[in-house]
Amino acid sequence: MATLHRIDEQVEIPGQLPVVALRDLVFFPYMVLPLLIGRAQSVAALEDAEGGDGLLLLMAQKDANVEDPHEEDLHGLGTVVRVVQSTRLPDGTVRVVMEGLGRARVQEFLPCENKLRARVALVEGGEREDPAKVTPALEALARGVRRLFEDYIEANERLPGELVGTLASVKDRVRLAHLISGHILLSSTEKQELLEARDLQHHFEILREILVREMEILRIEEKLDEQIQMQLDTGRRQHYLQEQLKAIHKELGATEGDWVELETNLLRTPLPAHARERGVRELDRLKHLSPVAPEAAVIRTYLDWILALPWMARSEDRLDVANASRILEEAHFGLEEVKERILDHIAVLSLVGDLQGPILCLVGPPGVGKTSLGRSIAQALDREFVRASLGGIRDEAEIRGHRRTYVGALPGRVIQGMRKSGTRNPVFLLDEVDKLARDFHGDPSAALLEVLDPEQNRTFTDHYLELEYDLSDVLFIATANTLAGIPEPLRDRMEVIRIPGYLTTEKKVIARRFIWPKQCRRHGLGDASASLSEEALDLVISEYTREAGVRELERRISGVVRKLARAVAEGERRVKDLTSVEGPQLRELLGPQPYTPEPREEGMARAGIANGLAWTAAGGEILDVEVAVVPGSGKIRLTGTLGEVMKESAFAALTYARSRAHVLGLSPAFHEEVDIHIHIPEGATPKDGPSAGITIAVALISALTDIPTRSDVAMTGEITLRGRVLGVGGIKEKAVAAYQGRIRRVILPATNGGELERLPLEVRDGVEFRLVRNMDEVLEGALLSLPKGRPEASPPEILDDIRDQGLQLSQ
């Protein structure tokens, strides 16, 4: 038992008490309040108290949503109360009047089956004031809190005015603090903080801080109420003036046709609920504006956009796989991977009936048909086709639209394209997505993240519309020349399909089947009997073009057809007399050839030269690496507009050669007695990337050992300091370039071996691919003979050979 000291009595409190949990309520000492108790464990605790001395411990829950609270769901400090009166109601709940006696802290909860019971300890000091601890500062603080609470009662309509009289009759400061804490309108969390105040001084300090804050909030609310009342009065006045303005317009002969038509369209056009609600709200604003007001034109344009967008309209897909395959084959030759992906999509769509559109990214050099392929896909699906060119866009608003606060604001290109298509499921081509720019206006590639994310684009929000628009049915196709210009988060949202470029045989088929008939019809020759001979077509492809696509080929063939058309127009020849264009005649029509195939060097002259394979935005290329070694003092020179990564590859190759000097038959100090010059031709073209690492190493070792390289071998791969060969990208493009460059053997990293299965059959049959893991295997396949190691004590004859070679180069 413990004795609780109060103002007018002393109460004996037992060491164990039943506990009742309260939701959204904190009970303070000296409070007398009725409560409704309905939870089973609370009723059981009440019955336990009534069967004894009538005392309970009321504790506030941390989370009011917990229906069956346990000890961890309750605060650690509560209020001991005395049950004054209890009445059972018909619905099973109990109405209890309780009087707060004092604060107590739970020491531990005791095990009970159907109720909470705890061992408690009273808060030190009891619930009455100690005259010895009253200081002038405490007295001043108490008086200030009393005045603040009186002002609070007067300002708050929810508190009864009689509370002021009750407050005046309270002389004890402890009771005053509990009275104010119990009646102030606060959350249960803040009231619990007041209940747990460590002493009377702290209790009054918290009360003063809260009352100052609440008074400020009440003053702001009163000011807002006054402003709202003024606005209501102004609104009534404006309504009266609007009615007068309508009467004036009617007298002047004006009609309401400006907005009546919009209202009719809003009722007839199928719109989602949120768009219709916004349209009705904007139309209501338009009705209350003068027709000559600037904002009226803005609202009218906005409503036109809402009504013009295809919110519900969609085209029916043609789910015929055979028909789609026929359309794609008629329009494009090759490109099997893309065709297979589209046919797969149509097949699945025909089975499930509804499928979210894929987001494809066609990556390939210029002129391979990426854009026209998107148009053919739309034709195969019988969908509308929309194209948006993103090259050079540097403003985020071009994608998301401008906010209506700007003069001349419009939606972004995505919403504009959807309006142009007239359906919600078009084929949407985002052209040149790798050429997006960025500046202080924002990052358009970041804005595309929402457009191209299947999980987000069903709620795409344009800044102009400020309405959610569903893009999930759109089949997005992006095109790019290279992935290097596409940020990684954007690339992650797209399914990348690479188009490596066309082989010579494919170009011949495309020229005969598509380009030549098309140019004849375009230039007025119709279905003339003229054609290109096999020899002439080979000349056009090999000596008049050098590209991965067919754009330049089409221009050259167009030039041939123009010459024939001119001959017909001048009367020199008749259309029906046109025959096959032969090789010699081709040179007369097109002039001298700009490209002449260079014969590859063989034998000893190939020492210090190696064939590398590069991957650029224009497709794959064969890149020669030349190394010259001359007597000197250990200088290294790199030329050919090399990037930082390629320079690092050159230094890694040199370090590898130094570490293997003994095996390669070189002096350990050769790097201090010679100068090495590494050059990659076509110096005006910037070059970078790690894939030239093994090529530089082979050319360097060939020059140092004077062992020729094989002219029919090309290679690609990254080199490490220990001679390991790492994988690189663009294998398909590089393999096609090697095949077209008459390379018979290609050395590739072993980690890229899985990509060989994706190569065209013609390339796999025409080129021998050798997979390597280290530089020893590379040298074995690239050099005519392997270097012979030398003993440690042997003189460095290699330096004499290098000096002789340097004299020959200088001569």
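**Exercise 1. Describe how helix α17 packs with helix α19 in this predicted model.**

*Solution.* Step 1: locate the elements. Helix α17 covers residues 504–522 and helix α19 covers residues 551–569; helices are DSSP runs (H or I, at least four residues) and strands are E runs of at least two, numbered from the N terminus. Residues are numbered from 1 along each chain as its sequence is written. In this predicted model, local features need pLDDT of at least 70, side-chain atom pairs count only at pLDDT 80 or more, totals for chains, interfaces and linings use all residues, and side-chain values use heavy atoms, with hydrogens and water left out.

Step 1: state the geometry. The axes of α17 and α19 lie 10 Å apart, at an angle of about 45 degrees. Axes are lines fitted to C-alpha atoms, for helices over the stretch in contact, and angles run from 0 to 180 degrees between N-to-C directions. The two helices, α17 and α19, are therefore oblique to each other; angles under 35 degrees count as roughly parallel, over 145 as roughly antiparallel, 65 to 115 as roughly perpendicular and the rest as oblique.

Step 2: list the contacts (heavy atoms within 4.5 Å). From α17, the residues K507, A511, I515, W516, K518, Q519 and C520 meet L553, E554, I557, S558, V560, V561 and L564 of α19.

**Exercise 2. Identify the buried residues of helix α18 and the elements that cover them.**

*Solution.* Step 1: apply the criterion for buried, which is under 20% relative accessible area (1.4 Å probe, protein chains only). In α18 (residues 534–543), A536, L537, L539, V540, I541 and E543 are buried.

Step 1: find the cover. It includes α17, β16 (531–532), α19, β17 (580–581) and α20 (583–590).

**Exercise 3. Determine the strand order of the open sheet of 5 strands and its edges.**

*Solution.* Step 1: read the order, which is β10-β11-β14-β9-β15 with parallel pairing; two strands pair if DSSP finds at least two bridges between them.

Step 1: find the edges. β10 (385–389) and β15 (495–498) each have a single partner strand, so one side of each has no neighbour in the sheet.

Step 2: examine one pair. Strands β11 (residues 427–431) and β14 (residues 475–480) are parallel and share 4 bridges, and L429 has I477 in β14 as its bridge partner.

Notes: Buried means under 20% relative accessible area, exposed over 50%, partly exposed in between (1.4 Å probe, protein chains only).
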